[in-house]
Amino acid sequence: MLNRPLRLLLASGTVLCGFATQLLVWEKLGPVPPWLLLYPSVFTAAILTGAEGGLLATALAAVLGWYYFIPPRFSFAIDSAPTGYSIVVFSVMGVAFSLFSQKLRAAREANARAVADAKLRMVLDHAADAVIVASSNGLLAYGNMMSSTLLQYSAEELSTLSVMDITAPEDAEKARLAFQQLLDFGHARSELMLLAKDGRRIATEINAIKAPDGSLIGTARDISEYLQIYQALVESQTRLQLLIDHAPASLALFDRDMHYLAVSQRWCDDYSLGERDLLGHSHYEIFPEIPEHWKSIHQQALAGETIQANEDVFLRADGKLQWLRWEVRPWRTQDGGVGGIVIFSEDITAHKEASRQAQDSKERLELALAATQEGVWDYDIPSGRVTHNRQWCRIFGLDEEQLEHPVELFFTLIHPDDLPEVSQRLEAAMKHGSPFDGEFRMRHSNGHYLWVEDRGQVVARSPEGKPLRMVGAVSDITKRRADHERIRNLAYFDQISNLPNRTLLMDRLGLALSIARRQGHMGALVLLNLDRFQTVNDAHGREVGDSLLRDIGERLSRQLREGDTLARIAGDEFAILLQDCGQDWAEAGSHAIVVAEKVHAAMGNSFLIATGDQINLSVSIGIARCPRSAEDSPQEVLRRADTALHKAKQQGGGQTTFFDADMDQAVKERFAVDRDLRSAIRDEEFRLFLQPQVDFQGRLLGAEALVRWQHPSRGLLPPAAFIGLAEESAQIISIDNWMLSQVCQLLVAQTMAGHPLHLSVNLSPRQFRQPGFICWFKSLLESTGADPTQLTLEVTESLFIDNINEVVAKMNELAALGIRFSIDDFGTGYSSLAYLKRMPIHELKIDKSFVQGLPTDLNDVALVETMLAMARHMHLRVVAEGVETPAQAAFFSGHGAVVLQGYLYGKPEPAQQWIKHWHADTALLHTSG
């Protein structure tokens, strides 16, 4: 179609051509109607170029006609009026025809478009794919008949929807990306899930383009059936490959040129190759060493034969023999021709090895049955006959040549007490298939019974499930049972007294607690410790002591009821477990105290020992009632009883003590102190204190070094709060080491300052008995430079109880250095005075318990005067500690040179503070030493 300038130019040219022709006719033929040729020119222009060109042609023709045909030019006269009117009529008709031509042309074009649209719609409605037209913003403008059929929307309904309205939600993002690609590049292709009106999801393939006018035109093809077919094909191939991979034999499919088409996983595993290494490659290329007779078999199969070979063997590349069972057969195409071959192969190397091993096992079994120490039996259940090996006959002393016996023989040999249980187990094994296993007694041919372990299993049943055959073996375990009993006695009974030991006691205590909680009864655990039993061992030897322990056990056993347990749980410690002691706490306590009194009474009678001497012993008893709560445990009950026993021994022995809550609290406090002691040693929480020692005139002679514990939460603690526990736990050694080091450093510092000082320091027996103590102490003196003559070590009488010779040797070694020794707390111990004659003792320290009663308590006066007289005869210095009153000081002033120590002359003070006061007191400075 021509553009506007060309249309107007064509219209002008048509009129000019008509006008020129008109002029030629006018000149040759004379005057003719001026519109003879102008009308056709205008009509032609209107038809060719439309209304706009017709109007231009009409105006141009009118102007030219007026100019040339109405003289004078562009004038108007009466005689030219008709011609003028003709021009007007011409112009009107030209305009009318131009407008009519435009309408006619528009109608013709509209009709042509309608026909074209109808043809297009017919084509689109009969298209096999859905065709959809949309605007650039995604609104649908048109959908063909297939669109309505596919999506179940009418054409009117489609025009109200957008592209996203007919897209399934799961593909929304995918649709947005495709739409953006269409807008950006003018075309797009995608597979989308469309959403039908009824909710169905339709898998489609979308192809879309962008039209020149900006609209978007796309086709949608339903590929649901294609996808189903494709999925079915994939699943079929997967199942086929699965069948191939899980076939009992290796499988490979070849074409006629022996190229791999498919292989099973087992085939790949057999040759340590991957599927990619095989598919498409020639079998002979991968395995160039294939024997010629195998290639011949392949050719026979390609010719249509099926070849089978049961077994074959070849040498693998790794040097091992491989046994194969294989088959080669052709596979055929649709026209019946041979398309290639299939090779099935099964590796039977393991089967061959198993067969060989089974044969070896059979031979070994026959040898083992001949040599085994077990009696093997084979029970044929329907016939009731049992076949035995010779060892079975040997075990029971039967004829070794007669190996088959009736099953009744087995039952006649079983001990009558064990027969019911054995019969029940055998019946259960045959009925339910459970193993037959048990330990019971069987009679030997000589009449005595053996303990045996018999094991068996049903190995064959009928189709109905009835047992047909049962095999098993029997072992003589008489010796093992005896050994087990001996081991049990070792594990649960004391080897000296033959009483239950600690392990068995705890087992029975646990059982007693369970029964007591279930029945609502109370019980009690009574712990007994023999007072000073160690002296019997020391004086008469351990054999006498062991014999005495047996006698004590027998005597205690006679005091108990049936059901109570007496146990020996340590060297000289016994326990009595009392069960069913009543329904409440008080009743249980009453029963326990009655038993305790019986024990004290029984122990009150002397024991006659092997030497002919009479031995008198007392016992300390601790009692814990139980159960105290639902969570009470044997260990907790024993702990409570042990705590009560410890309290009884602290009271001097021969006492009975019940556990109470205060004891528990005391134990917990002791535990807390013990725990804190460990950190105290590490964190240096101990402090050195000094208390002065003076003569009867109050002149300073020296001081005693004392320890205090600066506890982080409990404040400053005196020695009584922790020294006893430290002695028990051996932590006293670390404390003593610290004290001796501090004292030596203080002595050196004062000597260097010109104020020499004499100090006394306590030394625990546990520290003194340490094997390396002497060497350590000498090293300390050497490293610090302390003067040994300025130091007195205070020891208690308990140091002399054990190994007196070693103690004397160590004391002499230290005394040779100039160190002095003092007996601390003199008069409270149990040592013999004869020991003092052997010791390098320089000083006696009278315990403050004797000083406090002076001078009014006549008993204390007599004891102290005896000590002072003994000290004078032995030439020993005397220190009286705990002097708090002038009367006490006056008492000692009349008995010679006695050193006084106590609150009357000064309380213990921190060492540095005490030194400061000492230096400030000039009187003391002049009289020191």
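The talk below takes cavities, helix packing and some backbone details in turn.

Tutor: This is a predicted model, in which local features need pLDDT of at least 70, side-chain atom pairs count only at pLDDT 80 or more, and totals for chains, interfaces and linings use all residues. Residues are numbered from 1 along each chain as its sequence is written, and side-chain values use heavy atoms, with hydrogens and water left out.

Student: What makes a space a cavity here, and how many of 30 Å³ or more are there?

Tutor: A cavity is a set of points, on a 1 Å grid over the protein atoms alone, where a 1.4 Å probe fits but cannot get out. Points are joined across faces, edges and corners, and the volume is the space filled by probe spheres set on them.

Student: Which residues line the largest cavity?

Tutor: There are 22 of them, and Val 163, Phe 179, Ile 206, Ala 208 and Gly 218 are the closest to its centre; a lining residue has an atom within 4 Å of a point. Two or more lining residues come from each of strand E1 (130-134), helix H6 (172-185), strand E3 (187-195), strand E4 (201-210) and strand E5 (216-222). Helices (H or I, at least four residues) and strands (E, at least two) are DSSP runs, numbered from the N terminus.

Student: How do you know how many of the lining residues are nonpolar, polar or charged?

Tutor: Ala, Val, Leu, Ile, Met, Phe, Trp, Tyr, Cys and Pro count as nonpolar, Asp, Glu, Lys and Arg as charged, and the others, Gly among them, as polar. On that basis the largest cavity has 17 nonpolar, four polar and one charged in its lining.

Student: What is the space in the second largest cavity, and which residues are closest to its centre?

Tutor: The second largest cavity has about 130 Å³ of space. Its lining has 13 residues, with Trp 377, Val 386, Val 407, Phe 410 and Asp 454 closest to the centre. By class, this lining has 11 nonpolar, one polar and one charged.

Student: Why is H24 called roughly parallel to H26?

Tutor: Helix H24 (residues 732-752) and helix H26 (residues 773-784) pack at about 30°, their axes 10 Å apart. Axes are lines fitted to C-alpha atoms, for helices over the stretch in contact, and angles run from 0 to 180 degrees between N-to-C directions. Angles under 35 degrees count as roughly parallel, over 145 as roughly antiparallel, 65 to 115 as roughly perpendicular and the rest as oblique. Therefore H24 is roughly parallel to H26.

Student: Which residues of H26 does H24 meet?

Tutor: Asn 737, Leu 740, Ser 741, Cys 744, Gln 745 and Val 748 of H24 meet Phe 773, Trp 776, Phe 777, Leu 780, Leu 781 and Thr 784 of H26, where contact means heavy atoms within 4.5 Å. The contact residues divide into eight nonpolar, four polar and no charged.

Student: Why is H19 called oblique to H20?

Tutor: Helix H19 (residues 542-557) and helix H20 (residues 585-604) pack at about 135°, with axes 10 Å apart. That angle makes H19 oblique to H20. Ile 552, Arg 555 and Leu 556 of H19 make the contact with Val 599, Ala 602 and Met 603 of H20.

Student: What joins Cys 626 and Pro 627, and where is Pro 627?

Tutor: The bond is a cis peptide bond with omega about -5°. Pro 627 is in the loop between strand E22 (619-626) and helix H21 (634-650). Another cis peptide bond joins Leu 854 and Pro 855, also with omega about -5°.

Notes
On a 1 Å grid over the protein atoms alone, a cavity is a set of points where a 1.4 Å probe fits but cannot get out, and a pocket is an open set with protein on both sides within 12 Å along at least five of seven lines; lining residues have an atom within 4 Å of a point.
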